[in-house]
Amino acid sequence: MSGPVLYLDGVSVVFDGFRALNNLSLVVDPGELRSVIGPNGAGKTTMMDVITGKTRPTAGTVRFGDHDLTRMDEAAIANLGIGRKFQKPTVFDALTVFENLELALKAPRDPWSCLRWRLAAGARARIGAVLEEIGLAPRAGDLAGVLSHGQRQWLEIGMLLMQDPELLLVDEPVAGMTDQETEQTAALLRRIAGRRSVVVVEHDLEFVRALGQKVTVLHEGTMLSEGTIDAVQNDPRVIEVYLGR
Ligand SMILES: Nc1ncnc2c1ncn2[C@@H]1O[C@H](COP(=O)(O)OP(=O)(O)OP(=O)(O)O)[C@@H](O)[C@H]1O
């Protein structure tokens, strides 16, 4: 894909006269890891909802590569290669880590046995690669129900990776995690980005600092500031509306 992966321009969402998004612009490049921060009600969730097709913008452009997302429904957008991780994990507790990943693989079944064997071998290799990527290879045979909160979040990220998304949207991944899990999650998201783009909505500024990439600050449905974490933390407008309170 040449040009940006994600391109939002002049996006507004109006709920009963209230502007949840107000002329929002956001550009995310291939392989980029972007953090989005902002006070409660700034429009972060609404922005994610617009990208995934859950909410239709009242005005503006929303593009994923060459695709106009404002014309597509949620299922079609997911099929294009946009994965979304909600805050609450939805892993299957009664299945093993491996089985959860297997379930997430949308492998087409083939009637020929030799081909099926090859597909199965390919699927196993893919699951193995994702297990390594999310750091859960030693837990592959354990039930998801016995994992820690952090490990469950990583498993769910792994389930999204099984579908090989080009863009991954991640909502408050480190809420409720221990400090060590938070550090490991930052390392995981840094690993994942590069081969795909990742947009992370987060309140934890230390975590955002650990991600070490460009930060977008939303306020009242629009982009207030953008840059490194140091740049936005020193931006007087950000201090006034968000950090200084
Ligand atoms: N379906 C809806 N109908 C009416 N108002 C809504 C709706 N969804 C969101 N809003 C309002 O839009 C504004 C932006 O909400 P949004 O959830 O996008 O903010 P946020 O930045 O994700 O906040 P938080 O950090 O608290 O999750 C809020 O004032 C919210 O009350």
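Glu 172 is found in the loop between S7 and helix H6 (179–192), where helices (H or I, at least four residues) and strands (E, at least two) are DSSP runs numbered from the N terminus. Although Glu 172 is not a glycine, its phi is positive, about 40°. Glu 172 counts as partly exposed because 19 other C-beta atoms lie within 10 Å; a residue is buried at 20 or more such atoms within 10 Å of its own, exposed at 12 or fewer, and partly exposed in between, with C-beta atoms placed from the backbone. Asp 164 belongs to the loop between helix H5 (149–161) and strand S7 (167–171), and is partly exposed because 14 other C-beta atoms lie within 10 Å. Most residues other than glycine have a negative phi.

The structure is a predicted model, in which local features need pLDDT of at least 70, side-chain atom pairs count only at pLDDT 80 or more, and totals for chains, interfaces and linings use all residues. Residues are numbered from 1 along each chain as its sequence is written. The mean pLDDT (the predictor's confidence in each residue, from 0 to 100) is 91 for the protein, and 93% of its residues reach 70 or more. The model has an ipTM of 0.93 and a pTM of 0.91.

The protein comprises nine helices and ten strands. Along the principal axes, the C-alpha atoms fill a box of roughly 60 × 40 × 35 Å. Of the 245 residues, 36% are buried. Contacts are defined by C-beta atoms, placed from the backbone, within 7 Å; among those with a separation of 6 or more, 67% join residues 24 or more positions apart.

The largest nonpolar core contains 61 residues. Such a core is a set of buried Ala, Val, Leu, Ile, Met, Phe, Trp, Tyr and Cys residues joined through C-beta atoms within 7 Å. The residues with the most contacts inside this core are Leu 6, Ile 51, Leu 155, Leu 189, Val 198, Val 200 and Val 217. Beyond its neighbours within four places in sequence, Leu 189 contacts Leu 33, Val 198, Val 200 and Leu 211.

The ligand is surrounded by Phe 15, Phe 18, Ala 20, Gly 38, Asn 40, Gly 41, Ala 42, Gly 43, Lys 44, Thr 45 and Thr 46, the criterion being a C-beta atom, placed from the backbone, within 6 Å. Strand S2 (18–28) and helix H1 (44–51) are the elements that give two or more residues to this shell, and H1 supplies the largest share, three residues. By class, the shell holds four nonpolar, six polar and one charged residue; Ala, Val, Leu, Ile, Met, Phe, Trp, Tyr, Cys and Pro count as nonpolar, Asp, Glu, Lys and Arg as charged, and the others, Gly among them, as polar. Six of the eight residues of H1 are buried, namely Lys 44, Thr 46, Met 47, Asp 49, Val 50 and Ile 51. H1 is followed by Gly 53, whose phi is positive, near 85°.

Gly 10 lies in strand S1 (residues 6–15). Excluding residues up to four places away in sequence, Gly 10 touches Asn 23, Ser 25, Ala 59, Gly 60 and Thr 61.

Technical notes:
Contact = placed C-beta atoms within 7 Å.
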